[in-house]
Amino acid sequence: DRTLAKKKTKEKDSGQEFLATLKELGREKGIDEEVIFEAIEAALSSAYRRNFGSEHVHIMLSRETGEYHVYAIKEVVEEIEDDVTEISLAQARTIHPDYSVGDKVEIEVTPANFGRIAAQTAKQVVVQRIREAERGIIYQEYMSRESDIITGEVQRAEGRNVILDLGKTEAVLTPSEQIPGETYRFGEKLKAYVVEVRRTNKGPQVVVSRTHPGLLKRLFELEVPEIQDGTVEIKFVAREPGSRSKIAVSSNDPNVDPVGSCVGHHGLRAQAVVDELGEEKVDIVKWNENSAKFIANALSPAKVVSVAVNEDEKISRVVVPDYQLSLAIGKEGQNARLAAKLTGWKIDIKSESQAENEILDDSMQEVEVTTDESFTSEEEV
């Protein structure tokens, strides 16, 4: 009796120690305790089936003591045909008088040597389930950050892919999402836009971009308090990554200048964004609900004389001073191309001398405009 009592005390102490270890593991890994308990119960069930051959068992791991118990699940029948899965009504009622035919009865069948077997076979499964739970937590964490900015450290290159260390997991920057001409140094801190989070056999894979228009938008949100509090709004973004970008901004407060807010004192806010993008030039223009006015602004830094528009087909003809024509079109047509992307309009640019003898289509309505104040991080030559 004394030996049996010592054995039970030892098992109880072992169970409590086991329980404490599990709870500590849960805290360290940031996993719900119940996830760990369920993983271990599943592992113990698998171990029992492999070693004892019974499929009809239920294993309970006590949340209070850390002790486990194996229960055989049997159906109450009038006459037993399979004593592994069935129990007679008469026998069931010796356990509890309320049992009826068709009820399920759980009878404890914990083997004496099951602890050793379970420890050997369950460890691998438990580790796997905990790893899966960790991956699930990481997946959910980064899923919530899709379309947001993250900062990672350049870890290594895999082929043409650049791998960023995010701490809990890694992000992949594929060649198509890299800014042309940008180089990445080991250990360098890099901001990137989360495009997608995928589930893989190796855990969550975070796909990031340095070329996405959303990166430019999020960078300005980080730098400009007026955007964060909703006073200033970024309406549209057009990018040619590594070369030039345009953003259209508006203000919900007539006393707040949206362009000035984004530029910042001495241009510091805009410059911080430009620095992060590797000297990509950025034009900040004022959005206007009037299409002609918005098109004129979008062609900044060029000054516009007049804009003719066809609202139905979103086609426009813009007239600029002769000396401003090359500036309006931009190097290799870039300024005009970005303005078209920004506004969603087809833009035909003419100098004043070219427009003099041109007869406008009846569907076009010409409007004289003046360009609002805008900002460009570097005047185009």
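Let's start with Leu222, which sits in helix H5, residues 213–223. Helices (H or I, at least four residues) and strands (E, at least two) are DSSP runs, numbered from the N terminus. Keep in mind that this is a predicted model, where local features need pLDDT of at least 70, side-chain atom pairs count only at pLDDT 80 or more, and totals for chains, interfaces and linings use all residues. Residues are numbered from 1 along each chain as its sequence is written, and side-chain values use heavy atoms, with hydrogens and water left out.

- Setting aside neighbours within four places in sequence, Leu222 is in contact (heavy atoms within 4.5 Å) with Ile149, Lys191 and Gln228.
- Ser353 is 131 residues from Leu222 in sequence, and their C-alpha atoms are 44 Å apart in space.
- H5 lies across strands E5 (149–158), E8 (189–200) and E9.

**The barrel**
- Five strands close into a barrel, in the order E5-E6-E7-E9-E8, and the pairing is mixed; two strands pair if DSSP finds at least two bridges between them.
- Strand E7 (residues 170–173) pairs with strand E9 (residues 203–209) in the parallel sense, over three bridges.
- Looking at Leu173, you'll find its bridge partner in E9 is Val208.

**Charges over rings**
- Arg199 has its charged end over the ring of Tyr139, 3.8 Å from the ring's centre; to count, NZ of Lys or CZ of Arg must be within 6 Å of the ring centre and within 35 degrees of the ring normal.
- Lys235 has its charged end over the ring of Trp287, 4.5 Å from the centre.

Conventions:
Axes are lines fitted to C-alpha atoms, for helices over the stretch in contact, and angles run from 0 to 180 degrees between N-to-C directions.
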